[in-house]
Amino acid sequence: MSTGNEVMHDGVMSTGEDARIFPDVEACIDCGGCVVSCKRTWDVPRDEQRISIATMLEGQEAASGLNASSGQAMEQGESPGETAVPMQCYHCSNAPCVSVCPTDSLISKENGFVRVRDDLCIGCQYCLSACPFGAPQFPDEDSGVADLVGSGGNMDKCTMCEERQDVGKGPACAEECATDAILVGTPEQISDELDNRDSGTFFNDVAMDIIFGEDASEFQ
């Protein structure tokens, strides 16, 4: 497991315990490479995905002078215009999904990863309602049955490639991102990299507190 400061990739600064994953939306070009790399690495079926690119404010222009600065626009309270955001499980410090899970199927591990214990998941989909980032997926969902008894099938989501990180590799999506729009490292490393790129965080203070907890102060 690698926990040092060595740079393996411009977007992957360190891996393992205390590593976090976060998007630089100003670098994302909506190419879909992250989706493809995830599917290929984990054999995710064609009609399922653990990461997606969300398009915000499609077709709209940003405030004057901020057309290529979505994060800065958000920080200034201005419109960012059309923005592509890599959306996945950010393995939040204050994970709402963990808080609402009635069976403790979702757990926050000591190393920072949020994992699903399939044998305890009852498909109630409370986590889906609680997650502000749309990370929980229910590929075997039977909507009719779920409405009655909550059997939406086992939840699936991004694992941040914990198995790859255990051997010092970065998450597949980050390693193969053509523009290094997916950052992996400690909160301090991610904050420093965003500063070096003159990029903003895009998410508001509430979201940053959910994702990083006390470490959200690194981004102020």
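Biologist: Where does a side-chain oxygen of N204 reach at the start of α9?

Modeller: To within 3.2 Å of the backbone nitrogen of V206. This is a predicted model.

Biologist: What makes that a polar contact?

Modeller: The cut-off for a pair of N or O atoms is 3.5 Å. The N204 oxygen lies within 3.2 Å of the V206 nitrogen, so the pair meets that distance limit.

Biologist: Which residues of helix α9 are buried?

Modeller: A207, M208, I210, I211 and F212. Seen down the axis of α9, they fall within an arc of 170°, so they line one face of the helix.

Biologist: What covers them?

Modeller: The cover includes β1, α3 and α8. The face turned away carries the exposed residues D205 and V206.

Biologist: Why is the pair D24 and R197 called a salt bridge?

Modeller: The limit is 4 Å between a side-chain nitrogen of Lys or Arg and a carboxyl oxygen of Asp or Glu. The closest N and O atoms of D24 and R197 are 2.9 Å apart, so the pair qualifies.

Biologist: What does this pair tie together?

Modeller: D24 lies in the loop between β1 and α1, and R197 in helix α8, so parts 173 residues apart in sequence are tied together.

Biologist: Why does D24 count as buried?

Modeller: Buried means under 20% relative accessible area. D24 has 1%, so it counts as buried. R197, at 24%, counts as partly exposed.

Biologist: How do you know that R115 and E163 form a salt bridge?

Modeller: Their closest N and O atoms are 3.7 Å apart. The limit is 4 Å, so they qualify. K109, R115, E162 and E163 are linked in a network of salt bridges.

Note on methods
Residues are numbered from 1 along each chain as its sequence is written. This is a predicted model: local features need pLDDT of at least 70, side-chain atom pairs count only at pLDDT 80 or more; totals for chains, interfaces and linings use all residues. Side-chain values use heavy atoms; hydrogens and water are left out. Buried means under 20% relative accessible area, exposed over 50%, partly exposed in between (1.4 Å probe, protein chains only). Helices (H or I, at least four residues) and strands (E, at least two) are DSSP runs, numbered from the N terminus. The arc is that of the directions from the helix axis to the C-beta atoms. Contact means heavy atoms within 4.5 Å. A polar contact is a pair of N or O atoms within 3.5 Å; within protein, one must be able to donate a hydrogen and the other to accept it, and residues adjacent in sequence count only if both atoms are side-chain atoms.
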